[in-house]
Amino acid sequence: MGEVILTMKGIDKSFPGVHALDHVDFEVKKGEVHALMGENGAGKSTLMKVLTGIYKKDSGTITYEGRELEFANPKEAQDAGVVIVHQELNMMGHLTVAQNIFIGREFMKGKLIDDAKMNEEAGKLFDKLNINIDPNEKMNKLTVGKQQMCEIAKAISHDAKVIVFDEPSAALTESEIDELFKIIKDLRSKGLGIVYISHRMDEIKVITDRVTVMRDGGYVGTLITKDSTKNDIINMMVGRVIYEDPKTESNVSKDAPVVLKVEHLNAGKMVRDVSFELHKGEILGFSGLMGAGRTETARALFGADPIESGDIYINGKKVDIKSPMDAVANGIGYLSEDRKRYGIVVQKTVAENTTMAALDNFMSGIFINKKKKKK
Ligand SMILES: Nc1ncnc2c1ncn2[C@@H]1O[C@H](COP(=O)(O)OP(=O)(O)OP(=O)(O)O)[C@@H](O)[C@H]1O
Ligand SMILES: [Mg+2]
(Lines give C-alpha, C1' and ligand atoms only; values in the text may rest on other atoms or scores of the structure.)
(Ligands and ions follow the chains in the order given, each with its own letter.)
Protein backbone atom coordinates (compact mmCIF):
# COMPACT_ATOMS: atom_id res chain seq x y z
CA MET A 1 0.00 0.00 0.00
CA GLY A 2 1.23 3.46 -0.87
CA GLU A 3 0.25 6.99 0.06
CA VAL A 4 -3.34 8.11 0.55
CA ILE A 5 -4.95 9.19 -2.72
CA LEU A 6 -8.49 9.81 -1.51
CA THR A 7 -9.95 10.91 1.80
CA MET A 8 -13.62 11.41 2.61
CA LYS A 9 -14.27 13.00 6.00
CA GLY A 10 -17.49 13.57 7.91
CA ILE A 11 -19.67 12.98 4.86
CA ASP A 12 -23.34 13.65 5.50
CA LYS A 13 -26.21 13.04 3.13
CA SER A 14 -29.96 12.94 3.67
CA PHE A 15 -32.80 12.03 1.36
CA PRO A 16 -36.36 12.95 2.32
CA GLY A 17 -37.00 10.84 5.41
CA VAL A 18 -33.66 8.96 5.30
CA HIS A 19 -30.38 9.98 6.88
CA ALA A 20 -28.38 7.89 4.39
CA LEU A 21 -24.89 9.01 5.46
CA ASP A 22 -24.08 10.22 8.96
CA HIS A 23 -20.56 11.66 9.23
CA VAL A 24 -18.85 8.90 7.33
CA ASP A 25 -15.04 8.71 7.03
CA PHE A 26 -13.36 6.73 4.28
CA GLU A 27 -9.89 6.61 2.83
CA VAL A 28 -8.19 4.90 -0.12
CA LYS A 29 -4.46 4.40 -0.60
CA LYS A 30 -2.61 3.84 -3.84
CA GLY A 31 -2.12 0.15 -4.53
CA GLU A 32 -4.77 -1.12 -2.12
CA VAL A 33 -8.04 -2.91 -2.51
CA HIS A 34 -10.32 -1.46 0.14
CA ALA A 35 -13.54 -3.30 0.92
CA LEU A 36 -16.61 -1.30 1.83
CA MET A 37 -19.00 -3.49 3.78
CA GLY A 38 -22.31 -3.22 5.52
CA GLU A 39 -25.77 -4.70 5.45
CA ASN A 40 -28.33 -3.77 2.79
CA GLY A 41 -29.11 -0.07 3.01
CA ALA A 42 -26.04 0.76 5.13
CA GLY A 43 -25.12 3.54 2.69
CA LYS A 44 -22.27 2.01 0.66
CA SER A 45 -23.59 2.89 -2.78
CA THR A 46 -24.68 6.33 -1.62
CA LEU A 47 -21.18 7.11 -0.31
CA MET A 48 -19.68 6.12 -3.65
CA LYS A 49 -22.28 8.13 -5.54
CA VAL A 50 -21.37 11.18 -3.47
CA LEU A 51 -17.73 10.55 -4.34
CA THR A 52 -18.34 10.32 -8.08
CA GLY A 53 -20.60 13.37 -8.36
CA ILE A 54 -23.90 11.56 -8.81
CA TYR A 55 -25.22 12.94 -5.50
CA LYS A 56 -24.25 16.21 -3.81
CA LYS A 57 -23.18 15.81 -0.20
CA ASP A 58 -24.83 17.92 2.50
CA SER A 59 -21.55 18.38 4.38
CA GLY A 60 -18.07 16.94 4.88
CA THR A 61 -14.93 17.09 2.78
CA ILE A 62 -13.44 15.08 -0.07
CA THR A 63 -9.70 15.31 -0.69
CA TYR A 64 -8.31 13.74 -3.86
CA GLU A 65 -4.64 13.83 -4.80
CA GLY A 66 -3.98 16.41 -2.10
CA ARG A 67 -6.71 18.83 -3.15
CA GLU A 68 -10.09 19.38 -1.52
CA LEU A 69 -12.78 19.17 -4.17
CA GLU A 70 -16.27 18.03 -5.08
CA PHE A 71 -17.04 16.56 -8.49
CA ALA A 72 -20.08 18.25 -10.05
CA ASN A 73 -21.02 15.15 -12.07
CA PRO A 74 -19.73 11.69 -13.00
CA LYS A 75 -18.06 13.01 -16.15
CA GLU A 76 -15.95 15.38 -14.10
CA ALA A 77 -14.99 12.56 -11.75
CA GLN A 78 -14.12 10.32 -14.70
CA ASP A 79 -11.92 12.97 -16.29
CA ALA A 80 -10.07 13.29 -12.98
CA GLY A 81 -9.58 9.50 -12.84
CA VAL A 82 -12.30 8.43 -10.41
CA VAL A 83 -14.66 5.89 -11.98
CA ILE A 84 -17.39 3.61 -10.73
CA VAL A 85 -18.70 0.27 -11.94
CA HIS A 86 -22.29 0.42 -10.80
CA GLN A 87 -24.26 -2.21 -8.94
CA GLU A 88 -27.06 -1.82 -11.47
CA LEU A 89 -26.05 -2.13 -15.10
CA ASN A 90 -26.12 1.06 -17.09
CA MET A 91 -25.65 -0.09 -20.64
CA MET A 92 -27.71 0.70 -23.75
CA GLY A 93 -29.00 -2.67 -24.97
CA HIS A 94 -29.58 -1.60 -28.58
CA LEU A 95 -26.02 -0.29 -29.06
CA THR A 96 -22.97 -2.43 -29.71
CA VAL A 97 -20.44 -3.27 -27.04
CA ALA A 98 -17.90 -0.82 -28.50
CA GLN A 99 -20.49 1.97 -28.81
CA ASN A 100 -21.33 1.51 -25.14
CA ILE A 101 -17.73 1.58 -24.02
CA PHE A 102 -16.96 4.81 -25.87
CA ILE A 103 -20.30 6.51 -25.33
CA GLY A 104 -19.85 10.27 -25.02
CA ARG A 105 -16.31 10.10 -26.39
CA GLU A 106 -16.83 8.41 -29.75
CA PHE A 107 -14.09 8.15 -32.33
CA MET A 108 -15.09 10.28 -35.32
CA LYS A 109 -14.32 10.25 -39.00
CA GLY A 110 -15.30 13.73 -40.12
CA LYS A 111 -18.89 14.10 -38.98
CA LEU A 112 -19.54 10.37 -38.73
CA ILE A 113 -18.93 7.94 -35.91
CA ASP A 114 -16.01 5.68 -36.78
CA ASP A 115 -17.38 2.28 -35.74
CA ALA A 116 -14.47 0.35 -37.21
CA LYS A 117 -12.01 2.31 -35.10
CA MET A 118 -14.16 1.90 -31.97
CA ASN A 119 -14.40 -1.86 -32.53
CA GLU A 120 -10.65 -2.01 -32.94
CA GLU A 121 -9.99 -0.05 -29.74
CA ALA A 122 -12.53 -2.07 -27.76
CA GLY A 123 -10.95 -5.26 -29.12
CA LYS A 124 -7.54 -4.13 -27.85
CA LEU A 125 -9.01 -3.36 -24.47
CA PHE A 126 -10.58 -6.84 -24.21
CA ASP A 127 -7.34 -8.49 -25.33
CA LYS A 128 -5.48 -6.64 -22.62
CA LEU A 129 -7.99 -7.82 -20.03
CA ASN A 130 -8.15 -11.34 -21.42
CA ILE A 131 -11.91 -11.06 -21.96
CA ASN A 132 -13.55 -12.82 -24.88
CA ILE A 133 -16.32 -10.51 -26.16
CA ASP A 134 -17.09 -9.38 -29.71
CA PRO A 135 -17.02 -5.53 -29.70
CA ASN A 136 -19.55 -5.47 -32.55
CA GLU A 137 -22.16 -7.54 -30.68
CA LYS A 138 -25.34 -5.79 -29.51
CA MET A 139 -25.23 -5.32 -25.75
CA ASN A 140 -28.59 -6.99 -25.10
CA LYS A 141 -27.31 -10.19 -26.71
CA LEU A 142 -24.75 -10.70 -23.91
CA THR A 143 -25.25 -12.52 -20.62
CA VAL A 144 -25.51 -10.29 -17.56
CA GLY A 145 -22.01 -11.43 -16.56
CA LYS A 146 -20.56 -10.39 -19.92
CA GLN A 147 -22.38 -7.05 -19.72
CA GLN A 148 -20.80 -6.54 -16.33
CA MET A 149 -17.37 -7.32 -17.81
CA CYS A 150 -18.05 -4.61 -20.43
CA GLU A 151 -18.82 -2.13 -17.66
CA ILE A 152 -15.54 -3.04 -16.05
CA ALA A 153 -13.64 -2.69 -19.33
CA LYS A 154 -15.28 0.70 -19.82
CA ALA A 155 -14.21 1.87 -16.37
CA ILE A 156 -10.65 0.74 -16.94
CA SER A 157 -10.47 2.44 -20.34
CA HIS A 158 -10.73 5.78 -18.55
CA ASP A 159 -7.14 5.78 -17.36
CA ALA A 160 -8.45 5.75 -13.81
CA LYS A 161 -6.58 6.27 -10.55
CA VAL A 162 -9.43 5.17 -8.32
CA ILE A 163 -11.95 2.53 -9.41
CA VAL A 164 -15.04 1.68 -7.40
CA PHE A 165 -16.55 -1.77 -7.93
CA ASP A 166 -20.06 -1.78 -6.49
CA GLU A 167 -20.95 -5.48 -6.04
CA PRO A 168 -19.37 -6.54 -9.31
CA SER A 169 -19.52 -10.25 -8.63
CA ALA A 170 -23.25 -10.64 -8.03
CA ALA A 171 -23.94 -11.60 -11.63
CA LEU A 172 -20.62 -13.20 -12.55
CA THR A 173 -19.84 -16.89 -12.95
CA GLU A 174 -16.93 -18.55 -11.12
CA SER A 175 -14.58 -18.19 -14.07
CA GLU A 176 -15.61 -14.59 -14.67
CA ILE A 177 -14.88 -13.83 -11.02
CA ASP A 178 -11.44 -15.38 -11.47
CA GLU A 179 -10.82 -13.07 -14.43
CA LEU A 180 -12.10 -10.10 -12.45
CA PHE A 181 -9.73 -10.86 -9.58
CA LYS A 182 -6.79 -11.08 -11.99
CA ILE A 183 -7.77 -7.70 -13.41
CA ILE A 184 -8.08 -6.18 -9.93
CA LYS A 185 -4.71 -7.55 -8.81
CA ASP A 186 -3.12 -6.14 -11.94
CA LEU A 187 -4.68 -2.71 -11.33
CA ARG A 188 -3.49 -2.80 -7.71
CA SER A 189 0.06 -3.61 -8.78
CA LYS A 190 -0.06 -0.56 -11.05
CA GLY A 191 -0.77 1.61 -8.00
CA LEU A 192 -4.48 2.24 -8.48
CA GLY A 193 -6.73 2.57 -5.47
CA ILE A 194 -9.62 0.10 -5.63
CA VAL A 195 -12.87 0.21 -3.67
CA TYR A 196 -14.56 -3.17 -3.60
CA ILE A 197 -18.13 -3.55 -2.37
CA SER A 198 -19.39 -7.08 -1.85
CA HIS A 199 -21.46 -9.12 0.55
CA ARG A 200 -19.42 -12.24 -0.08
CA MET A 201 -17.18 -12.62 2.91
CA ASP A 202 -14.91 -15.17 1.23
CA GLU A 203 -14.11 -12.75 -1.59
CA ILE A 204 -13.27 -10.02 0.89
CA LYS A 205 -10.71 -12.26 2.57
CA VAL A 206 -9.13 -13.19 -0.77
CA ILE A 207 -8.96 -9.90 -2.62
CA THR A 208 -8.90 -6.96 -0.19
CA ASP A 209 -6.20 -5.30 1.94
CA ARG A 210 -8.45 -3.30 4.28
CA VAL A 211 -12.10 -3.35 5.21
CA THR A 212 -14.25 -0.38 6.18
CA VAL A 213 -17.58 -1.24 7.75
CA MET A 214 -20.70 0.94 7.68
CA ARG A 215 -23.92 0.47 9.60
CA ASP A 216 -27.20 2.44 9.24
CA GLY A 217 -25.44 5.24 7.37
CA GLY A 218 -22.68 5.56 9.97
CA TYR A 219 -18.98 4.75 9.94
CA VAL A 220 -18.13 1.82 12.22
CA GLY A 221 -14.43 1.25 11.65
CA THR A 222 -11.61 0.10 9.41
CA LEU A 223 -9.69 -3.16 9.75
CA ILE A 224 -6.66 -4.68 8.09
CA THR A 225 -8.05 -7.71 6.31
CA LYS A 226 -5.30 -10.18 7.09
CA ASP A 227 -5.42 -9.35 10.82
CA SER A 228 -9.17 -9.79 11.13
CA THR A 229 -11.54 -12.71 11.07
CA LYS A 230 -14.82 -13.13 9.29
CA ASN A 231 -16.50 -12.89 12.70
CA ASP A 232 -14.85 -9.53 13.48
CA ILE A 233 -16.28 -8.11 10.27
CA ILE A 234 -19.74 -9.60 10.74
CA ASN A 235 -19.91 -8.33 14.33
CA MET A 236 -19.08 -4.82 13.14
CA MET A 237 -21.69 -5.05 10.41
CA VAL A 238 -24.55 -6.12 12.63
CA GLY A 239 -23.46 -4.27 15.77
CA ARG A 240 -23.57 -7.11 18.22
CA VAL A 241 -21.67 -10.25 18.89
CA ILE A 242 -23.34 -13.16 17.22
CA TYR A 243 -22.25 -16.19 19.11
CA GLU A 244 -24.00 -19.43 19.61
CA ASP A 245 -22.60 -22.33 21.56
CA PRO A 246 -21.73 -25.00 19.06
CA LYS A 247 -24.36 -27.71 19.16
CA THR A 248 -23.26 -30.98 20.64
CA GLU A 249 -26.42 -32.70 19.53
CA SER A 250 -29.34 -31.96 17.26
CA ASN A 251 -32.38 -30.16 18.70
CA VAL A 252 -34.56 -32.35 16.55
CA SER A 253 -35.93 -35.36 18.32
CA LYS A 254 -34.86 -38.71 16.97
CA ASP A 255 -38.39 -39.74 16.11
CA ALA A 256 -39.26 -36.57 14.19
CA PRO A 257 -40.88 -37.66 10.92
CA VAL A 258 -38.86 -37.61 7.72
CA VAL A 259 -40.32 -34.90 5.48
CA LEU A 260 -37.91 -35.29 2.60
CA LYS A 261 -35.99 -38.37 1.60
CA VAL A 262 -33.68 -38.55 -1.39
CA GLU A 263 -32.22 -41.84 -2.60
CA HIS A 264 -29.45 -42.31 -5.15
CA LEU A 265 -30.11 -39.08 -6.98
CA ASN A 266 -28.21 -38.64 -10.26
CA ALA A 267 -28.36 -35.48 -12.36
CA GLY A 268 -25.63 -34.41 -14.75
CA LYS A 269 -21.92 -34.61 -14.01
CA MET A 270 -22.07 -33.01 -10.58
CA VAL A 271 -24.83 -34.92 -8.81
CA ARG A 272 -23.88 -38.58 -8.44
CA ASP A 273 -25.63 -40.95 -6.09
CA VAL A 274 -26.78 -38.37 -3.55
CA SER A 275 -28.88 -39.70 -0.67
CA PHE A 276 -30.10 -37.96 2.49
CA GLU A 277 -33.03 -37.55 4.87
CA LEU A 278 -34.49 -34.33 6.20
CA HIS A 279 -36.58 -34.44 9.38
CA LYS A 280 -39.42 -32.18 10.40
CA GLY A 281 -38.06 -29.04 12.10
CA GLU A 282 -34.52 -29.76 11.02
CA ILE A 283 -31.97 -27.51 9.31
CA LEU A 284 -29.74 -29.69 7.19
CA GLY A 285 -26.48 -28.15 5.97
CA PHE A 286 -24.65 -29.14 2.82
CA SER A 287 -20.93 -28.48 2.97
CA GLY A 288 -18.20 -28.94 0.41
CA LEU A 289 -15.75 -27.03 -1.70
CA MET A 290 -16.68 -24.79 -4.62
CA GLY A 291 -17.90 -27.06 -7.38
CA ALA A 292 -18.72 -29.97 -5.09
CA GLY A 293 -22.25 -30.12 -6.48
CA ARG A 294 -24.29 -28.57 -3.66
CA THR A 295 -26.11 -26.04 -5.86
CA GLU A 296 -26.61 -28.69 -8.54
CA THR A 297 -28.22 -31.02 -6.01
CA ALA A 298 -30.61 -28.28 -4.95
CA ARG A 299 -31.41 -27.41 -8.55
CA ALA A 300 -32.12 -31.03 -9.45
CA LEU A 301 -34.35 -31.42 -6.41
CA PHE A 302 -36.23 -28.30 -7.47
CA GLY A 303 -36.68 -29.57 -11.02
CA ALA A 304 -34.53 -26.81 -12.48
CA ASP A 305 -32.14 -29.39 -13.96
CA PRO A 306 -33.25 -32.78 -15.26
CA ILE A 307 -33.02 -35.76 -12.92
CA GLU A 308 -31.64 -38.92 -14.56
CA SER A 309 -32.39 -41.40 -11.81
CA GLY A 310 -33.06 -41.70 -8.11
CA ASP A 311 -36.10 -41.43 -5.86
CA ILE A 312 -37.56 -38.49 -3.96
CA TYR A 313 -40.10 -38.97 -1.16
CA ILE A 314 -42.07 -36.16 0.45
CA ASN A 315 -43.78 -37.10 3.70
CA GLY A 316 -43.19 -40.70 2.78
CA LYS A 317 -44.86 -40.45 -0.61
CA LYS A 318 -42.82 -40.92 -3.75
CA VAL A 319 -42.98 -37.88 -6.03
CA ASP A 320 -41.99 -37.17 -9.59
CA ILE A 321 -40.27 -33.80 -10.05
CA LYS A 322 -39.74 -32.80 -13.66
CA SER A 323 -39.97 -29.02 -13.40
CA PRO A 324 -39.91 -26.22 -10.80
CA MET A 325 -43.70 -26.23 -11.05
CA ASP A 326 -43.75 -29.85 -9.86
CA ALA A 327 -41.44 -28.91 -6.99
CA VAL A 328 -43.61 -25.96 -5.96
CA ALA A 329 -46.72 -28.13 -6.15
CA ASN A 330 -44.97 -30.51 -3.73
CA GLY A 331 -44.25 -27.68 -1.31
CA ILE A 332 -40.57 -27.15 -2.11
CA GLY A 333 -39.23 -23.60 -2.27
CA TYR A 334 -35.83 -22.59 -3.63
CA LEU A 335 -33.77 -19.48 -2.85
CA SER A 336 -30.91 -19.12 -5.30
CA GLU A 337 -27.38 -18.03 -4.41
CA ASP A 338 -27.62 -15.56 -7.29
CA ARG A 339 -30.90 -13.81 -6.65
CA LYS A 340 -30.61 -11.37 -9.54
CA ARG A 341 -29.99 -14.01 -12.12
CA TYR A 342 -32.05 -16.97 -10.94
CA GLY A 343 -34.23 -15.65 -8.13
CA ILE A 344 -36.13 -12.67 -9.47
CA VAL A 345 -37.21 -11.05 -12.70
CA VAL A 346 -35.77 -7.57 -12.41
CA GLN A 347 -37.99 -5.96 -15.05
CA LYS A 348 -41.13 -7.04 -13.21
CA THR A 349 -42.74 -5.34 -10.25
CA VAL A 350 -42.36 -6.37 -6.62
CA ALA A 351 -45.95 -7.65 -6.68
CA GLU A 352 -45.33 -9.75 -9.77
CA ASN A 353 -42.17 -11.23 -8.32
CA THR A 354 -43.73 -12.04 -4.98
CA THR A 355 -46.77 -13.79 -6.41
CA MET A 356 -45.10 -15.49 -9.37
CA ALA A 357 -44.52 -18.82 -7.66
CA ALA A 358 -48.14 -19.11 -6.58
CA LEU A 359 -50.03 -17.49 -9.45
CA ASP A 360 -52.85 -20.03 -9.19
CA ASN A 361 -53.95 -18.29 -6.02
CA PHE A 362 -54.42 -15.02 -7.88
CA MET A 363 -56.48 -16.10 -10.86
CA SER A 364 -60.04 -15.21 -11.77
CA GLY A 365 -60.88 -17.69 -14.49
CA ILE A 366 -58.10 -17.48 -17.06
CA PHE A 367 -57.04 -13.98 -16.00
CA ILE A 368 -54.75 -12.78 -13.27
CA ASN A 369 -56.76 -10.87 -10.69
CA LYS A 370 -54.68 -7.70 -10.35
CA LYS A 371 -56.43 -6.47 -7.25
CA LYS A 372 -55.90 -9.72 -5.42
CA LYS A 373 -52.27 -9.83 -6.51
CA LYS A 374 -51.61 -6.29 -5.32
CA LYS A 375 -53.31 -6.93 -1.99
N1 LIG B 1 -32.05 8.28 -4.39
C2 LIG B 1 -32.46 7.95 -3.16
N3 LIG B 1 -33.57 8.51 -2.63
C4 LIG B 1 -34.00 8.20 -1.40
N5 LIG B 1 -33.38 7.31 -0.58
C6 LIG B 1 -32.27 6.73 -1.04
C7 LIG B 1 -31.75 7.00 -2.35
N8 LIG B 1 -30.63 6.26 -2.54
C9 LIG B 1 -30.47 5.55 -1.41
N10 LIG B 1 -31.44 5.84 -0.51
C11 LIG B 1 -31.56 5.28 0.86
O12 LIG B 1 -30.33 5.47 1.50
C13 LIG B 1 -30.00 4.34 2.30
C14 LIG B 1 -28.65 3.77 1.88
O15 LIG B 1 -28.81 3.15 0.63
P16 LIG B 1 -27.60 2.56 -0.22
O17 LIG B 1 -28.15 2.19 -1.55
O18 LIG B 1 -26.45 3.49 -0.18
O19 LIG B 1 -27.24 1.25 0.61
P20 LIG B 1 -26.18 0.10 0.29
O21 LIG B 1 -25.29 0.00 1.47
O22 LIG B 1 -25.55 0.35 -1.03
O23 LIG B 1 -27.10 -1.20 0.23
P24 LIG B 1 -27.04 -2.53 -0.70
O25 LIG B 1 -26.09 -3.46 -0.03
O26 LIG B 1 -28.45 -3.05 -0.65
O27 LIG B 1 -26.63 -2.11 -2.08
C28 LIG B 1 -31.16 3.37 2.16
O29 LIG B 1 -32.04 3.58 3.23
C30 LIG B 1 -31.79 3.78 0.84
O31 LIG B 1 -33.15 3.44 0.81
MG1 LIG C 1 -25.55 -0.67 -2.87
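Domain bounds here come from an automatic or database domain assignment. On that basis, the protein splits into domain 1 (4–238), domain 2 (249–338) and domain 3 (344–375). Take the centres over C-alpha atoms, and domain 1 and domain 3 are 35 Å apart.

Before going on, keep in mind that this is a predicted model: local features need pLDDT of at least 70, side-chain atom pairs count only at pLDDT 80 or more, and totals for chains, interfaces and linings use all residues. Residues are numbered from 1 along each chain as its sequence is written, while chains are lettered from A and ligands numbered from 1 in the order in which they are written.

Now look at ligand 1. Its shell (residues whose C-beta atom, placed from the backbone, lies within 6 Å of it) includes F15, V18, N40, K44 and Q87. By type, the shell has four nonpolar residues, seven polar and one charged; Asp, Glu, Lys and Arg count as charged, Ala, Val, Leu, Ile, Met, Phe, Trp, Tyr, Cys and Pro as nonpolar, and the others, Gly among them, as polar. β2 (18–29) and α1 (44–51) each bring at least two residues to this shell, and α1 gives the most, with three. Helices (H or I, at least four residues) and strands (E, at least two) are DSSP runs, numbered from the N terminus.

Next, find the open sheet of four strands, ordered β14-β13-β15-β16 with antiparallel pairing; two strands pair if DSSP finds at least two bridges between them. β14 (271–279) and β16 (317–319) are at the edges with a single partner strand each, so one side of each has no neighbour in the sheet. Strand β13 (residues 258–267) pairs with β14 over six bridges, and V262 has F276 in β14 as its bridge partner.
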